[in-house]
Amino acid sequence: MKEIEIQDLCKSFEGREVLSHVSFTVEKGEVFGYLGPNGAGKTTTMRVLLGLLRPTSGKALVRGSDLAVDDAARGSVGVLMENDGLYDKLTAWQNLDYYGRLYGVRERSERTSQLLSAFGLADRRHEKVFNLSKGMRRKLGIARAIIHDPEILLLDEPTSGLDPEAQRMVRDVLKDLSRRERMTVLLSSHNLDEVERVCSKVAVIKQGRLRAFDTVENLRVGRGGHALTLVLTKEQDATMVAELLRHDPSVTGTSVDGARVIIDHDNESTSGILASVVRAGVGIEEALKASRSLEDVYMDLVREQGTGA
Ligand SMILES: Nc1ncnc2c1ncn2[C@@H]1O[C@H](COP(=O)(O)OP(=O)(O)OP(=O)(O)O)[C@@H](O)[C@H]1O
Ligand SMILES: [Mg+2]
(Lines give C-alpha, C1' and ligand atoms only; values in the text may rest on other atoms or scores of the structure.)
(Ligands and ions follow the chains in the order given, each with its own letter.)
Protein backbone atom coordinates (compact mmCIF):
# COMPACT_ATOMS: atom_id res chain seq x y z
CA MET A 1 0.00 0.00 0.00
CA LYS A 2 1.28 3.48 -0.86
CA GLU A 3 1.60 6.12 1.84
CA ILE A 4 -0.04 8.65 -0.43
CA GLU A 5 -1.87 7.82 -3.63
CA ILE A 6 -3.40 10.35 -5.96
CA GLN A 7 -5.26 8.53 -8.69
CA ASP A 8 -6.81 10.18 -11.75
CA LEU A 9 -7.88 13.10 -9.58
CA CYS A 10 -10.17 15.75 -11.07
CA LYS A 11 -11.59 18.77 -9.25
CA SER A 12 -13.82 21.49 -10.63
CA PHE A 13 -15.12 24.61 -8.93
CA GLU A 14 -18.40 25.72 -10.46
CA GLY A 15 -17.63 23.99 -13.72
CA ARG A 16 -14.04 25.28 -13.90
CA GLU A 17 -11.60 22.40 -13.84
CA VAL A 18 -8.58 23.10 -11.61
CA LEU A 19 -7.27 19.53 -11.35
CA SER A 20 -7.37 17.32 -14.39
CA HIS A 21 -6.54 13.60 -14.14
CA VAL A 22 -3.65 14.02 -11.71
CA SER A 23 -1.93 10.80 -10.58
CA PHE A 24 1.17 10.26 -8.45
CA THR A 25 2.25 8.26 -5.43
CA VAL A 26 4.51 8.88 -2.46
CA GLU A 27 6.42 6.03 -0.80
CA LYS A 28 7.23 5.58 2.86
CA GLY A 29 10.12 7.68 4.11
CA GLU A 30 10.23 9.85 1.01
CA VAL A 31 10.47 13.62 1.15
CA PHE A 32 8.38 14.46 -1.88
CA GLY A 33 8.19 17.88 -3.56
CA TYR A 34 5.01 19.13 -5.17
CA LEU A 35 5.85 21.94 -7.56
CA GLY A 36 4.04 24.24 -9.92
CA PRO A 37 3.29 27.89 -10.67
CA ASN A 38 0.81 29.95 -8.61
CA GLY A 39 -2.70 28.63 -9.13
CA ALA A 40 -1.49 25.28 -10.53
CA GLY A 41 -3.56 23.27 -8.05
CA LYS A 42 -1.10 22.24 -5.31
CA THR A 43 -3.08 23.47 -2.32
CA THR A 44 -6.29 22.11 -3.83
CA THR A 45 -4.69 18.66 -4.17
CA MET A 46 -3.63 18.78 -0.52
CA ARG A 47 -7.09 19.84 0.60
CA VAL A 48 -8.64 16.95 -1.27
CA LEU A 49 -6.07 14.61 0.26
CA LEU A 50 -6.99 15.89 3.72
CA GLY A 51 -10.66 15.29 3.07
CA LEU A 52 -11.45 19.01 3.27
CA LEU A 53 -12.68 19.08 -0.34
CA ARG A 54 -14.51 16.36 -2.26
CA PRO A 55 -12.94 15.36 -5.56
CA THR A 56 -15.09 15.71 -8.68
CA SER A 57 -13.73 12.32 -9.71
CA GLY A 58 -10.74 10.11 -8.94
CA LYS A 59 -9.15 9.38 -5.59
CA ALA A 60 -6.75 10.84 -3.06
CA LEU A 61 -5.80 8.26 -0.44
CA VAL A 62 -3.56 8.17 2.62
CA ARG A 63 -2.47 4.58 3.28
CA GLY A 64 -5.46 3.40 1.33
CA SER A 65 -7.91 5.54 3.32
CA ASP A 66 -10.07 8.46 2.34
CA LEU A 67 -9.55 10.98 5.15
CA ALA A 68 -12.96 12.53 4.51
CA VAL A 69 -14.59 9.41 5.93
CA ASP A 70 -11.85 7.66 7.92
CA ASP A 71 -11.16 9.55 11.15
CA ALA A 72 -8.76 6.91 12.44
CA ALA A 73 -6.37 7.47 9.54
CA ARG A 74 -6.28 11.20 10.28
CA GLY A 75 -4.30 10.61 13.44
CA SER A 76 -1.34 9.41 11.41
CA VAL A 77 -1.17 12.67 9.45
CA GLY A 78 0.41 15.99 10.46
CA VAL A 79 -0.49 19.12 8.53
CA LEU A 80 0.74 22.66 8.08
CA MET A 81 -1.23 24.63 5.54
CA GLU A 82 -1.39 28.39 4.97
CA ASN A 83 -3.58 28.72 8.03
CA ASP A 84 -1.24 27.35 10.67
CA GLY A 85 -3.94 26.61 13.25
CA LEU A 86 -2.10 28.49 16.01
CA TYR A 87 -3.99 30.55 18.56
CA ASP A 88 -2.74 34.14 18.70
CA LYS A 89 -3.71 34.70 22.29
CA LEU A 90 -2.09 31.56 23.64
CA THR A 91 1.64 31.32 24.28
CA ALA A 92 3.95 29.08 22.24
CA TRP A 93 3.92 26.56 25.05
CA GLN A 94 0.14 26.66 25.50
CA ASN A 95 -0.40 26.10 21.78
CA LEU A 96 1.74 22.97 21.68
CA ASP A 97 0.27 21.77 24.95
CA TYR A 98 -3.25 22.26 23.57
CA TYR A 99 -2.54 20.27 20.40
CA GLY A 100 -0.71 17.63 22.41
CA ARG A 101 -3.81 17.17 24.53
CA LEU A 102 -6.02 17.07 21.43
CA TYR A 103 -3.96 14.24 19.95
CA GLY A 104 -3.61 12.42 23.26
CA VAL A 105 0.19 12.77 23.29
CA ARG A 106 1.77 10.98 26.23
CA GLU A 107 4.48 12.80 28.19
CA ARG A 108 3.11 15.95 26.67
CA SER A 109 5.16 18.39 28.63
CA GLU A 110 8.41 16.62 27.74
CA ARG A 111 7.46 16.53 24.07
CA THR A 112 6.53 20.22 24.15
CA SER A 113 9.85 21.20 25.72
CA GLN A 114 11.77 19.04 23.31
CA LEU A 115 10.10 20.57 20.25
CA LEU A 116 10.45 24.15 21.51
CA SER A 117 14.17 23.55 22.02
CA ALA A 118 14.60 21.79 18.68
CA PHE A 119 13.05 24.78 16.90
CA GLY A 120 15.02 27.36 18.87
CA LEU A 121 11.94 28.69 20.63
CA ALA A 122 12.66 27.61 24.21
CA ASP A 123 13.34 31.15 25.41
CA ARG A 124 10.11 32.43 23.85
CA ARG A 125 7.90 29.71 25.25
CA HIS A 126 5.82 32.10 27.35
CA GLU A 127 5.36 34.60 24.54
CA LYS A 128 1.93 34.92 22.99
CA VAL A 129 1.94 33.75 19.37
CA PHE A 130 0.68 37.19 18.34
CA ASN A 131 4.06 38.62 19.37
CA LEU A 132 6.24 36.12 17.53
CA SER A 133 7.97 37.01 14.27
CA LYS A 134 6.75 35.36 11.05
CA GLY A 135 9.62 32.89 11.02
CA MET A 136 9.20 31.96 14.68
CA ARG A 137 5.51 31.44 14.09
CA ARG A 138 6.24 29.19 11.11
CA LYS A 139 8.62 27.10 13.17
CA LEU A 140 6.03 26.77 15.89
CA GLY A 141 3.51 25.74 13.21
CA ILE A 142 5.81 22.93 12.09
CA ALA A 143 6.36 21.85 15.70
CA ARG A 144 2.58 21.81 16.10
CA ALA A 145 2.19 19.68 12.99
CA ILE A 146 4.55 16.99 14.29
CA ILE A 147 3.62 17.03 17.98
CA HIS A 148 1.85 13.66 17.75
CA ASP A 149 4.71 12.11 15.80
CA PRO A 150 2.69 11.54 12.62
CA GLU A 151 3.77 9.03 10.00
CA ILE A 152 2.85 11.35 7.16
CA LEU A 153 3.44 15.06 7.06
CA LEU A 154 1.77 17.47 4.60
CA LEU A 155 3.35 20.91 4.36
CA ASP A 156 2.11 23.69 2.11
CA GLU A 157 5.07 26.00 1.45
CA PRO A 158 6.71 25.37 4.83
CA THR A 159 9.66 27.70 4.40
CA SER A 160 8.19 30.67 2.54
CA GLY A 161 9.18 33.85 4.32
CA LEU A 162 11.85 32.25 6.47
CA ASP A 163 15.40 33.55 6.67
CA PRO A 164 18.15 31.34 5.18
CA GLU A 165 19.17 29.95 8.56
CA ALA A 166 15.59 29.05 9.48
CA GLN A 167 15.07 27.47 6.04
CA ARG A 168 18.09 25.34 6.60
CA MET A 169 16.87 24.34 10.03
CA VAL A 170 13.52 23.24 8.61
CA ARG A 171 15.29 21.29 5.86
CA ASP A 172 17.47 19.55 8.43
CA VAL A 173 14.46 18.69 10.59
CA LEU A 174 12.62 17.21 7.61
CA LYS A 175 15.60 15.20 6.42
CA ASP A 176 16.15 13.92 9.90
CA LEU A 177 12.50 12.91 10.35
CA SER A 178 12.51 11.04 7.06
CA ARG A 179 15.83 9.33 7.70
CA ARG A 180 15.50 8.43 11.35
CA GLU A 181 11.78 7.95 11.77
CA ARG A 182 10.92 7.07 8.17
CA MET A 183 8.36 9.84 8.19
CA THR A 184 6.80 10.48 4.78
CA VAL A 185 6.71 14.15 3.82
CA LEU A 186 4.77 15.80 1.01
CA LEU A 187 5.67 19.45 0.67
CA SER A 188 4.80 22.14 -1.82
CA SER A 189 7.38 24.80 -2.47
CA HIS A 190 8.43 27.50 -4.91
CA ASN A 191 12.00 27.26 -3.70
CA LEU A 192 13.56 24.90 -6.22
CA ASP A 193 16.98 25.03 -4.69
CA GLU A 194 15.49 23.83 -1.44
CA VAL A 195 13.47 21.10 -3.15
CA GLU A 196 16.61 19.91 -4.90
CA ARG A 197 18.38 19.65 -1.55
CA VAL A 198 15.71 17.92 0.44
CA CYS A 199 13.41 15.99 -1.92
CA SER A 200 14.22 12.71 -3.58
CA LYS A 201 11.19 12.75 -5.84
CA VAL A 202 8.91 15.43 -7.25
CA ALA A 203 5.68 16.00 -9.13
CA VAL A 204 5.29 19.11 -11.26
CA ILE A 205 1.82 20.39 -12.02
CA LYS A 206 0.70 23.20 -14.30
CA GLN A 207 -2.85 24.41 -14.78
CA GLY A 208 -4.15 21.34 -13.01
CA ARG A 209 -2.28 18.86 -15.17
CA LEU A 210 0.67 16.75 -14.15
CA ARG A 211 3.77 17.64 -16.18
CA ALA A 212 6.30 15.38 -14.47
CA PHE A 213 6.52 12.76 -11.75
CA ASP A 214 10.00 11.36 -11.23
CA THR A 215 13.15 11.44 -9.13
CA VAL A 216 15.07 14.70 -9.19
CA GLU A 217 18.03 12.83 -10.66
CA ASN A 218 16.05 11.31 -13.55
CA LEU A 219 14.49 14.63 -14.40
CA ARG A 220 17.85 16.34 -14.62
CA VAL A 221 19.49 13.65 -16.69
CA GLY A 222 16.45 12.76 -18.78
CA ARG A 223 15.83 16.30 -19.90
CA GLY A 224 19.04 17.46 -21.47
CA GLY A 225 21.07 16.15 -18.57
CA HIS A 226 24.18 18.21 -18.84
CA ALA A 227 24.92 21.69 -20.09
CA LEU A 228 28.24 22.51 -21.71
CA THR A 229 28.99 26.23 -21.82
CA LEU A 230 31.59 27.36 -24.34
CA VAL A 231 32.95 30.88 -24.39
CA LEU A 232 34.33 31.39 -27.88
CA THR A 233 37.29 33.53 -28.84
CA LYS A 234 35.23 35.25 -31.51
CA GLU A 235 31.64 36.20 -30.84
CA GLN A 236 30.73 35.91 -34.51
CA ASP A 237 31.40 32.13 -34.39
CA ALA A 238 28.67 31.51 -31.81
CA THR A 239 25.72 31.22 -34.20
CA MET A 240 27.72 29.00 -36.53
CA VAL A 241 28.59 26.63 -33.65
CA ALA A 242 24.93 26.47 -32.57
CA GLU A 243 23.93 25.70 -36.17
CA LEU A 244 26.66 23.05 -36.52
CA LEU A 245 25.56 21.26 -33.35
CA ARG A 246 21.87 21.42 -34.17
CA HIS A 247 22.38 18.35 -36.39
CA ASP A 248 24.22 16.35 -33.73
CA PRO A 249 21.86 13.68 -32.31
CA SER A 250 23.46 13.83 -28.84
CA VAL A 251 22.61 17.54 -28.57
CA THR A 252 19.14 18.29 -27.20
CA GLY A 253 19.29 22.06 -27.36
CA THR A 254 21.55 25.06 -27.90
CA SER A 255 21.31 28.71 -26.98
CA VAL A 256 23.56 31.64 -27.79
CA ASP A 257 24.35 34.61 -25.58
CA GLY A 258 27.09 36.83 -27.03
CA ALA A 259 30.25 34.73 -27.35
CA ARG A 260 28.70 32.09 -25.11
CA VAL A 261 27.06 28.93 -26.47
CA ILE A 262 25.16 26.70 -24.05
CA ILE A 263 24.78 23.12 -25.24
CA ASP A 264 22.41 20.66 -23.58
CA HIS A 265 23.63 17.18 -24.35
CA ASP A 266 24.08 13.57 -23.22
CA ASN A 267 26.74 13.14 -20.58
CA GLU A 268 28.86 10.80 -22.73
CA SER A 269 29.09 13.05 -25.77
CA THR A 270 30.96 16.03 -24.31
CA SER A 271 34.33 15.19 -25.87
CA GLY A 272 32.76 14.49 -29.27
CA ILE A 273 31.07 17.89 -29.23
CA LEU A 274 34.28 19.65 -28.27
CA ALA A 275 36.15 17.80 -31.02
CA SER A 276 33.67 18.87 -33.70
CA VAL A 277 33.86 22.50 -32.59
CA VAL A 278 37.66 22.40 -32.71
CA ARG A 279 37.55 20.66 -36.12
CA ALA A 280 35.45 23.54 -37.43
CA GLY A 281 38.39 25.82 -36.60
CA VAL A 282 36.61 27.70 -33.82
CA GLY A 283 38.70 29.08 -30.95
CA ILE A 284 37.48 28.20 -27.44
CA GLU A 285 38.40 30.51 -24.60
CA GLU A 286 36.58 28.70 -21.82
CA ALA A 287 34.59 25.49 -21.42
CA LEU A 288 32.45 24.57 -18.44
CA LYS A 289 30.27 21.55 -17.95
CA ALA A 290 27.58 21.33 -15.30
CA SER A 291 24.57 19.14 -14.78
CA ARG A 292 21.29 20.96 -15.19
CA SER A 293 19.64 22.15 -12.04
CA LEU A 294 16.10 21.31 -11.04
CA GLU A 295 15.30 24.95 -11.74
CA ASP A 296 16.40 24.57 -15.38
CA VAL A 297 14.23 21.47 -15.77
CA TYR A 298 11.28 23.11 -14.01
CA MET A 299 11.46 26.15 -16.28
CA ASP A 300 11.34 23.91 -19.35
CA LEU A 301 8.38 22.00 -17.96
CA VAL A 302 6.26 25.01 -17.08
CA ARG A 303 7.08 26.87 -20.28
CA GLU A 304 6.21 23.96 -22.55
CA GLN A 305 2.90 24.26 -24.33
CA GLY A 306 0.29 21.54 -24.51
CA THR A 307 -1.02 19.12 -21.96
CA GLY A 308 2.08 16.95 -21.47
CA ALA A 309 1.96 13.95 -19.18
N1 LIG B 1 -12.71 27.17 -3.12
C2 LIG B 1 -12.42 27.56 -4.35
N3 LIG B 1 -13.36 28.03 -5.19
C4 LIG B 1 -13.05 28.40 -6.45
N5 LIG B 1 -11.82 28.31 -6.98
C6 LIG B 1 -10.84 27.84 -6.20
C7 LIG B 1 -11.07 27.44 -4.85
N8 LIG B 1 -9.90 27.02 -4.31
C9 LIG B 1 -8.98 27.14 -5.28
N10 LIG B 1 -9.55 27.65 -6.43
C11 LIG B 1 -8.83 27.87 -7.71
O12 LIG B 1 -8.14 26.68 -8.04
C13 LIG B 1 -6.92 26.99 -8.71
C14 LIG B 1 -5.79 26.28 -8.02
O15 LIG B 1 -5.56 26.91 -6.75
P16 LIG B 1 -4.53 26.36 -5.68
O17 LIG B 1 -4.69 27.18 -4.47
O18 LIG B 1 -4.69 24.90 -5.57
O19 LIG B 1 -3.14 26.67 -6.39
P20 LIG B 1 -1.66 26.49 -5.84
O21 LIG B 1 -0.94 25.61 -6.80
O22 LIG B 1 -1.68 26.11 -4.42
O23 LIG B 1 -1.08 27.96 -6.04
P24 LIG B 1 -0.07 28.83 -5.11
O25 LIG B 1 1.31 28.45 -5.53
O26 LIG B 1 -0.40 30.23 -5.51
O27 LIG B 1 -0.36 28.53 -3.67
C28 LIG B 1 -6.81 28.51 -8.73
O29 LIG B 1 -7.27 28.97 -9.97
C30 LIG B 1 -7.75 28.92 -7.61
O31 LIG B 1 -8.28 30.19 -7.85
MG1 LIG C 1 -1.05 27.01 -2.68
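Why is Asn-95 called buried? Because 26 other C-beta atoms lie within 10 Å of its own; the cut-off for buried is 20 or more, while 12 or fewer makes a residue exposed and anything in between partly exposed, with C-beta atoms placed from the backbone.

Before going on, note that this is a predicted model, where local features need pLDDT of at least 70, side-chain atom pairs count only at pLDDT 80 or more, and totals for chains, interfaces and linings use all residues. Residues are numbered from 1 along each chain as its sequence is written, and chains are lettered from A and ligands numbered from 1 in the order in which they are written.

**Around Asn-95**

Asn-95 sits in helix α3 (residues 92-102). Helices (H or I, at least four residues) and strands (E, at least two) are DSSP runs, numbered from the N terminus. Skipping neighbours within four places in sequence, Asn-95 is in contact with Leu-86, Tyr-87, Leu-90, Val-129, Leu-140 and Arg-144; contact here means C-beta atoms, placed from the backbone, within 7 Å.

**Helix α4**

Now for α4 (residues 108-118), where Thr-112, Leu-115 and Leu-116 are buried. They cover an arc of only 100° around the axis, so they lie on the same side of α4; the arc is taken from the directions from the helix axis to the C-beta atoms. Over on the other side, Glu-110 and Ser-117 are exposed. The cover on the buried residues of α4 includes α3 and α5 (134-145).

**Ligand 1 and helix α1**

What surrounds ligand 1? Its shell includes Phe-13, Val-18, Gly-36 and Lys-42, where being near takes a C-beta atom, placed from the backbone, within 6 Å. Helix α1 (residues 42-49) gives the largest share of that shell, three residues. As for α1 itself, six of its eight residues are buried, among them Met-46 and Val-48.

Six bridges join β10 (residues 226-232) to β12 (residues 260-265), and Leu-230 has Val-261 in β12 as its bridge partner.

How values were computed: Contact = placed C-beta atoms within 7 Å. Pairing = 2+ DSSP bridges.
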